[in-house]
Amino acid sequence: MDSKNVKASVLILSGGQSIRMGFPKLLLPYDGEKTFIEQIILVYRALLGGEIVLVLSEQVWKAHKPFFRSSLPEVQLVINSHSELDRMYSIQLGLDKIVSDLVFIQNADNPFVKADLLWRMVKAAPQDGYVSPCFSGKGGHPVLLCGAVKDRVSIATRNTTLRSVLSGQTRVMVDVDDPDVLVNLNTLETYKSRFPANK
């Protein structure tokens, strides 16, 4: 897979306050060498030729500037100064920086994304619609916005959600055997259960 041939981008969302976790989820250790965000970017960078945009809260940015500047030099950072607002606000902030017609929406609390899934999703992309992985009949992460759907999400009203915008759009489902597409690590307990070596 040649990354330069895949003209897609990724928007990584980490604009919230991580209240339930008590620590910025994107900075949790993935293994002995990488954090969640470094692992996620490693997978996407190997495949995509478009932008890598990370939306993060102003609090996390201010507390960890040296890390972001030294470890993520190729990533476009978008600072969310209103982390109390909903997820759609972060999505629209990030999409404003992306020109690609194919955009993955990736949550920072799911570091299990795999390159083969991303490749399958790009190959299945409709001209206008979206792609999502599906495990046992349940839609998972990440979601790939295709064509004009990206623009519809960008201009959606503030009181809506990504789910509601996508509800009327063409959906292509990619069936997978990987339950990790359904995972969101929102609490310290769930993190420790998946990463016992990092306790």
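**Burial, ring pairs and charges**

Reader: How many of the nine residues of helix 4 (residues 87–95) are buried?
Author: Helices here are DSSP runs of H or I with at least four residues, strands are E runs of at least two, and both are numbered from the N terminus. Buried means under 20% relative accessible area, exposed means over 50%, and partly exposed lies in between, using a 1.4 Å probe and protein chains only. Helix 4 is largely enclosed by the rest of the structure, because its buried residues number seven of the nine.

Reader: How should I read the numbering and the values?
Author: This is a predicted model, where local features need pLDDT of at least 70 and side-chain atom pairs count only at pLDDT 80 or more, while totals for chains, interfaces and linings use all residues. Residues are numbered from 1 along each chain as its sequence is written, and side-chain values use heavy atoms, leaving out hydrogens and water.

Reader: Is the ring pair of W61 and F68 stacked or tilted?
Author: Rings of Phe, Tyr and Trp (its six-membered ring) pair if their centres lie within 6.5 Å; planes under 30 degrees apart count as stacked, over 60 as edge-to-face and the rest as tilted. The structure holds nine such aromatic pairs. For W61 and F68, the ring centres are 6.3 Å apart and the planes stand at 35 degrees, so the pair is tilted.

Reader: Are W61 and F68 buried or exposed?
Author: W61 has a relative accessibility of 16%, so it counts as buried. F68 has 1%, so F68 also counts as buried.

Reader: What is the centre-to-centre distance between the rings of Y191 and F195?
Author: The planes of this aromatic pair are 25 degrees apart, and the pair is stacked. Its centre-to-centre distance is 5.1 Å.

Reader: Which residue has its charged end over the ring of F112?
Author: A charge sits over a ring if NZ of Lys or CZ of Arg is within 6 Å of the ring centre and within 35 degrees of the ring normal. Here the charged end lies 4.4 Å from the centre of the F112 ring. The residue that supplies this charge is R194.

Reader: Which residue forms a salt bridge with R194?
Author: A salt bridge is a side-chain nitrogen of Lys or Arg within 4 Å of a carboxyl oxygen of Asp or Glu. In this one, the closest N and O atoms are 2.9 Å apart, and the partner of R194 is D180. The pair links distant parts of the chain, 14 residues apart: R194 is in helix 8 (residues 188–194), and the loop between strand 8 (171–175) and helix 8 holds D180.

Reader: How many residues apart are D109 and K25?
Author: The side chains of D109 and K25 meet in a salt bridge, 3.2 Å from N to O. D109 is in the loop between strand 4 (102–107) and helix 5 (115–123), K25 is in the loop between strand 1 (9–14) and helix 1 (36–45), and this link between distant parts of the chain spans 84 residues.

Reader: Which residues does N110 touch, not counting residues up to four places away in sequence?
Author: N110 is in the loop between strand 4 and helix 5, and it counts as buried because its relative accessibility is 3%. Contact means heavy atoms within 4.5 Å. On that count, N110 touches I40, H141, D180, V181 and V183.

Reader: What is omega of the cis peptide bond that joins H141 and P142?
Author: Most residues other than glycine have a negative phi, and most peptide bonds are trans. P142 is in the loop between strand 6 (138–139) and strand 7 (143–146). For the cis bond joining H141 and P142, omega is about -5 degrees.
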